[in-house]
Amino acid sequence: LAARLCPEQKARQVAEGTLADTQTVLTRVVRQQESVRDGERKRIARDSDDELGQVLVALRGEMSLLQVASAGIHPATHQKTGAMIGTLDLALRALRVLAGELRPLAAGECLGDAMARQLAEFTRLNGIAHDFDVNVGVDASADSDADADALLYRALQETLAQIARSARATRVGVQLSRSNARLSLCIEDDGDADGNCAGAVAALRERVAAAGGAVHAEALPG
């Protein structure tokens with residue numbers, strides 16, 4: 001039995017070593033992909049906010065002047081320009097939401113402050129209240145991992161976007177904690193369970209698993 005067990009133990013050690021090497025390579029590839037994605041998102045957010053945003057604001061200003069000029073002279077034109085200004089306001093709001101979702105974690109910004117800023121912007125744009133609880137030691141520089149922080153920040157952005165689009169929630173609760181080498185993010189909302197988010201959760205689960213973490217998602221009563 002001992003003679004049979006020895007080759008099996010060696011084969012298992014080789015398999016475990018290969019698996020560990022594969023995990024290391026996969027983690028490095030995922031981090032490189034996240035870095036490329038963040039760079040591209042940052043560029044798109046900057047270009048959209050700077051160029052498209054300025055064009056829409058200028059167009060809104062011209063429409064406002066036209067509305068003022070047509071007041072009392074051309075009622076139909078005055079009413080139509082008012083409706084067009086409302087449409088432009090919706091477009092500007094959608095652009096700001098999109099730019100906020102694309103914006104990456106700022107260099108040198110601690111994770112707790114970045115999430116607080118993102119949640120404040122989320123509440124301002126969507127009218128959904130939030131509660132944010134941060135563990136006392138979560139921003140300790142000795143425990144900080146830039147890649148893990150960026151991954152969780154992106155997870156928060158994507159989850160908030162999903163909630164705003166389809167959950168019909170009135171309040172969101174977020175808890176962020178770090179203890180030793182464990183970094184944990186818990187997001188809850190009081191909206192409806194959304195079956196359309198399965199694909200987003202699966203993609204997020206793969207990215208987090210490649211970085212050595214885990215994602216758990218479920219719908220609870222209330």
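Which residues does Phe122 touch, not counting residues up to four places away in sequence? In this predicted model, where local features need pLDDT of at least 70, side-chain atom pairs count only at pLDDT 80 or more, and totals for chains, interfaces and linings use all residues, Phe122 touches Gly127, Ile128, Leu160, Ile163, Ala164 and Val172, contact being heavy atoms within 4.5 Å. Residues are numbered from 1 along each chain as its sequence is written, and side-chain values use heavy atoms, with hydrogens and water left out.

Phe122 also belongs to the largest nonpolar core, of 16 residues, in which Met115, Phe122, Leu160, Ile163 and Val172 touch the most other members. Such a core is a set of buried Ala, Val, Leu, Ile, Met, Phe, Trp, Tyr and Cys residues joined through side-chain atoms within 4.5 Å; buried means under 20% relative accessible area, exposed over 50%, and partly exposed in between (1.4 Å probe, protein chains only). At least two residues of this core come from each of helix H3 (111–126), helix H4 (146–167) and strand E2 (171–179), these elements being DSSP runs numbered from the N terminus (helices H or I, at least four residues; strands E, at least two). H4 gives the most, with 6 residues. A second, separate core of 6 residues includes Met63, Leu88, Leu92 and Leu95.

Glu16 counts as partly exposed because its relative accessibility is 44%.
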